[in-house]
Amino acid sequence: MEKGELVAIPTETVYGLAGNAFDVQVVAKIFAVKNRPTFDPLIVHTHHLSKVSEFVSDFPKKAQILAQHFWAGALTLLLPKKDIIPDLVTAGLPTVAIRIPQHQLTLALLESLPFPLAAPSANPFGYISPTTAQHVAAQLGEKIPYILDGGSCKVGIESTIIGFENEEVIIYRLGGLSVEDVEQVIGKVIVKTHSTSNPNAPGRLESHYAPKKPLYLDKKILEKFAPEEIGVLSFSEYLPHIPQVNQCILSPERNFIEAAQNLFSMMRKLDAMPIKVIFAELLPEESLGRAINDRLRRASVK
Ligand code: TXA
Ligand code: MG
């Protein structure tokens with residue numbers, strides 16, 4: 001990494017495609033390998049709270065409380081950046097996204113390096129995020145020299161992104177840390193996850209996390225295709241009339257944590273099946289169900 005190479009790293013949320021966050025050329029390589037537009041900013045990963053003040057000019061009290069509670073973990077904080085963070089990392093925005101991931105291998109790597117790591121999810125832009133080293137290898141294996149294999153991601157969906165407007169706490173991306181958990185620590189928050197109405201959010205695009213096969217949320221699709229042409233992603237039960245081999249169940253026990261762990265690998269599995277379309281069932285709008293539904297909506301055909 002000191003030589004300016006990229007390495008895919010495991011985190012508890014999803015795998016990242018990491019490089020030296022201080023080196024503009026390395027950061028440019030990350031955008032190129034992912035085929036990601038440079039208006040979509042990257043998250044900077046570090047291993048210790050004490051490092052954060054090197055990267056940000058202000059660390060408000062509420063941000064510190066959240067950091068103390070949830071780091072290392074599935075929380076990303078948007079804070080005003082210092083000049084040491086290249087503009088390319090933040091897509092020209094005055095804030096930088098910072099996270100301490102919870103994975104022993106990656107924490108050890110970060111600790112051994114004299115710089116933080118900029119890392120987006122290690123998937124081609126717009127496709128499903130990887131939750132195993134094999135997912136990374138399947139899509140970016142030829143383009144990157146090294147994948148650090150840390151097993152399957154425990155959380156399975158990306159971090160929750162939180163910023164601050166005046167005194168208010170704003171959730172800009174629903175993720176692996178639930179709104180309920182955040183509110184228990186900090187009180188009421190505002191959820192603003194739609195980038196189209198929010199110019200401060202260039203990267204949280206409407207269409208994302210998508211399989212190559214069209215994914216529908218509307219049950220009407222079940223009448224338009226033959227049963228064997230349809231793949232199903234459901235929360236806890238098989239749909240009648242559709243072959244069970246073409247169905248993936250996120251969590252038979254209706255456990256949101258298990259459902260999040262399975263989400264992206266099951267989307268990939270369905271994408272590889274000999275079917276024409278995917279029907280996905282939305283989960284209850286609570287706990288991680290909200291973040292899972294957000295991913296399903298963005299993955300779906302509008
Ligand atoms: O769990 C995660 O967050 C994973 C792991 C690897 O840490 N990373 C991840 O990165 O999901 P990525 O690049 O796929 O998504 C980061 C999101 C993007 O939608 C981007 O627009 C937003 O974070 N973001 C980054 N910096 C931002 C900033 N300064 N202001 C607003 N949004 C920002
Ligand atoms: Mg991503």
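This is a predicted model: local features need pLDDT of at least 70, side-chain atom pairs count only at pLDDT 80 or more; totals for chains, interfaces and linings use all residues.
Trainee: Why is Asn123 called buried?

Mentor: Its relative accessibility is 2%. Buried means under 20%, so Asn123 counts as buried.

Trainee: Where does Asn123 lie?

Mentor: In the loop between β6 (117-118) and α6 (133-140).

Trainee: What makes the pair Asn123 and Tyr127 a polar contact?

Mentor: A polar atom of the Asn123 side chain lies 3.0 Å from the backbone oxygen of Tyr127. The cut-off is 3.5 Å, so the pair falls within it.

Trainee: Which residues is Asn123 in contact with, leaving aside neighbours within four places in sequence?

Mentor: Lys34, Ile128, Ser129, Pro130 and Leu140. Contact here means heavy atoms within 4.5 Å.

Trainee: Now Glu180. Why is Glu180 called partly exposed?

Mentor: Its relative accessible area is 36%. Buried is under 20% and exposed is over 50%. The value for Glu180 lies in between, so Glu180 is partly exposed.

Trainee: Where is Glu180, and what does Glu180 touch beyond four places in sequence?

Mentor: Glu180 is in helix α7, residues 179-186. Glu180 touches Glu286 and Ser287.

Trainee: How far apart are the C-alpha atoms of Glu180 and Glu167?

Mentor: They are separated by 19 Å, with the two residues 13 apart along the chain.

Trainee: What does Leu77 touch, not counting residues up to four places away in sequence?

Mentor: Its list includes Phe59, Leu66, Trp71 and Ile162. Val96, Ile98 and Phe164 are also among them.

Trainee: What lines the second largest pocket?

Mentor: The lining has 16 residues. Nearest the pocket centre are Val155, Gly176, Leu177, Ile257 and Leu288. Helix α9 gives the most to this lining, with three residues. About 290 Å³ of space lies in the pocket.

Trainee: How does that lining divide by class?

Mentor: Seven residues are nonpolar, six polar and three charged.

Notes: Residues are numbered from 1 along each chain as its sequence is written. Chains are lettered from A and ligands numbered from 1 in the order in which they are written. Side-chain values use heavy atoms; hydrogens and water are left out. Helices (H or I, at least four residues) and strands (E, at least two) are DSSP runs, numbered from the N terminus. Buried means under 20% relative accessible area, exposed over 50%, partly exposed in between (1.4 Å probe, protein chains only). A polar contact is a pair of N or O atoms within 3.5 Å; within protein, one must be able to donate a hydrogen and the other to accept it, and residues adjacent in sequence count only if both atoms are side-chain atoms. On a 1 Å grid over the protein atoms alone, a cavity is a set of points where a 1.4 Å probe fits but cannot get out, and a pocket is an open set with protein on both sides within 12 Å along at least five of seven lines; lining residues have an atom within 4 Å of a point. Grid points are joined across faces, edges and corners, and a volume is the space filled by probe spheres set on the points. Ala, Val, Leu, Ile, Met, Phe, Trp, Tyr, Cys and Pro count as nonpolar, Asp, Glu, Lys and Arg as charged, and the others, Gly among them, as polar.
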